[in-house]
Amino acid sequence: MQWSLFLLILMGQCFFFTCHPYKYHFIKENKTWDEAQKYCREKHTDLATVYDMTDMERLRYSKEKQEAVWIGLRSNPETDNRTWHWSLPGVEFNDSETKTKWDTTEPNDCQGNTENCVRMDKPDWKWKDDQCDNHHNFICYNEKQEPNKNFHLITNALCWPEAQNYCREHHTDLVSGLNQLNDPDLKEQIHSYDVWIGLFRDTWRWSDGSHFSFRNWHVELFPDDDSKKCAKCAMTMLNGTGKWNSDDCNIKRSFFCYKDRFVLIEENKTWEDALYYCRENYNDLASITNLKEQRWIQQKAKNASTPFVWLGLRYTCTLEFWFWVSDEVVGYKNWASGVRNDECDMSGGMERGGEHKWSSRPDNNMYNFICSTF
């Protein structure tokens, strides 16, 4: 890259910093869910997607307090099949990796019952689907505990939604994902109990097409019955804990929109051309400064038409370091093992699939790219 462009990047820019990859906007107008979706897509990006409890708190502490407000989650059992999710935000379910974990004939909705939650049974710890209102012991995961103390067996048998609520209040979440379930310390905790794990399935879909698994249903209103073939839309109850309920989508309510900080550009450009395109049409090439931004951007990368997408990550062989063109520190890192080349004319790309790791790519390669919008 030319020295003049390098100076432009390091010295000639002023950037807006945010710790969230999107902004919420409360709309104090009563609309049906479909009308609210249309409004949000015209004025902002879409109806609000909620990634985790941090987002939920942002909505709860909005200036406007309403009894029930639409968010961008909708269920239509007539057209949408049930999909498996892990309870812990950011942990993606991979069907091909979990086939050997199921017990014989599972999952099976035994005897015609709706079984949307999963327990792990002794002695071989195979998975079985189960009715979510049945009661079992369960395992909580706590990401802030000391090493080898991340898992907690709770021997107070609860239904699945109560178990999820307990784990989120006292720890982090129900145990989720194969990395946690394969941890040797976990098996020491279980002993001889059948336990709930953080795996569930539902027909709920986010309006923007993202596959985020976060749900915050009121325990008594946990939607476990897909036999009712009618569309429902989700609302958050802001006058209390912020727990969710569902209702007829034709009822008119206030709602939340969100404005996305990142956008996928499905055009093939070199890294430098992508940089100029983003600066001319949006704000800049995307920077990733934390895990939440990584997970948000990788949802967009899945829709790319190239095997990698360009990020605003660049190596300067003059000063011998990697930097974000937005002038933010390269603190959070997600490099793939053994594929970072600290050489001239290298820039950072994210994998479209797999684990969405970063790798250094020759900057004359032609890829789709991610722009930041603010």
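Asp284 sits in strand 16, which covers residues 284-285. In this predicted model, Asp284 has a relative accessible area of 0%, so it counts as buried. Its side chain still has a polar partner: a polar contact of 3.1 Å joins it to the side chain of Arg279. Asp284 and Glu162 are 122 residues apart in sequence, and their C-alpha atoms are 44 Å apart in space.

Is Arg253 buried or exposed? The cut-off for buried is under 20% relative accessible area, and Arg253 comes in at 16%, so it is buried. The side chains of Arg253 and Asp247 are joined by a polar contact of 2.5 Å. If you skip neighbours within four places in sequence, the residues in contact with Arg253 are Glu29, Asn30, Lys31, Ala68, Trp70, Met235 and Asp247. Asp247 therefore turns up both in that set of contacts and as the polar partner, while Arg253 itself is buried at 16%.

Strand 14 runs over 253-260 and takes us on to a pocket: together with strand 15 (262-269) and helix 9, strand 14 supplies at least two residues each to the lining of the second largest pocket. This pocket has a volume of about 400 Å³. Its lining is made of 20 residues, and the ones nearest the centre are Asp208, Asp260, Gln299, Lys300 and Asn303. Which element gives the most to this lining? That would be strand 15, with 4 residues. Sorted by class, the lining of the second largest pocket has 6 nonpolar, 7 polar and 7 charged residues.

Now move over to the largest pocket, with a volume of about 1,500 Å³. It is lined by 47 residues, and Leu88, Pro89, Gly90, Val91 and Arg295 are the closest to its centre. Several helices take part here: helix 3 (53-60), helix 4 (95-98), helix 5 (160-170), helix 6 (178-181) and helix 9 (291-301) each bring at least two residues to the lining. Helix 9 gives the most, with 5 residues. Helix 9 is also among the elements that supply at least two residues to the lining of the second largest pocket. By class, the lining of the largest pocket counts 12 nonpolar, 20 polar and 15 charged residues.

On to the aromatic side chains. A pair of aromatic rings is described by the distance of the centres and the angle of the planes. How many aromatic pairs does a search of the whole structure find? There are 29. Take Phe308 and Tyr367 as one of them: the ring centres are 5.7 Å apart and the planes are at 50°, so this pair is tilted. Phe308 lies in strand 17 (residues 308-316) and Tyr367 in strand 21 (residues 367-372), so the pair ties together parts that are 59 residues apart in sequence. Tyr367 also pairs with Trp310, and with centres 4.9 Å apart and planes at 55° that pair is tilted as well. This second pair again links distant parts of the chain, with Trp310 in strand 17 and Tyr367 in strand 21, 57 residues apart. Phe308 and Tyr367 are both buried, with Tyr367 at a relative accessible area of 7%. Trp310 is buried too, at 0%. Elsewhere, Tyr22, Tyr24, Phe26, Tyr51, Phe212, Phe256, Tyr258 and Trp296 form one aromatic cluster.

Finally, a few spots where the backbone deserves a look. Most residues other than glycine have a negative phi, and most peptide bonds are trans. The bond joining Glu106 and Pro107 is cis, with omega about -10°. Pro107 is in the loop between helix 4 and strand 5 (117-121). Asp345 has a positive phi, near 60°, and lies in the loop between strand 18 (321-324) and strand 19 (346-351). With a relative accessible area of 42%, Asp345 is partly exposed. His356 also has a positive phi, near 55°. Its place is in the loop between strand 19 and strand 20 (358-362).

Key
Residues numbered from 1 in each chain as written. Predicted model: local features only at pLDDT ≥ 70, side-chain atom pairs only at ≥ 80, totals over all residues. Heavy atoms only, no water. 1 Å grid on protein atoms, 1.4 Å probe; cavity = no way out; pocket = protein on both sides within 12 Å on 5 of 7 lines; lining within 4 Å. Points joined across faces, edges and corners; volume = space filled by probe spheres on them. Nonpolar A, V, L, I, M, F, W, Y, C, P; charged D, E, K, R; others polar. Buried < 20%, exposed > 50% of the residue type's maximum accessible area, 1.4 Å probe, protein only. Polar contact = N/O pair within 3.5 Å; in protein donor to acceptor, adjacent residues only side chain to side chain. Contact = heavy atoms within 4.5 Å. Phe/Tyr/Trp six-rings, centres within 6.5 Å; stacked < 30°, edge-to-face > 60°.
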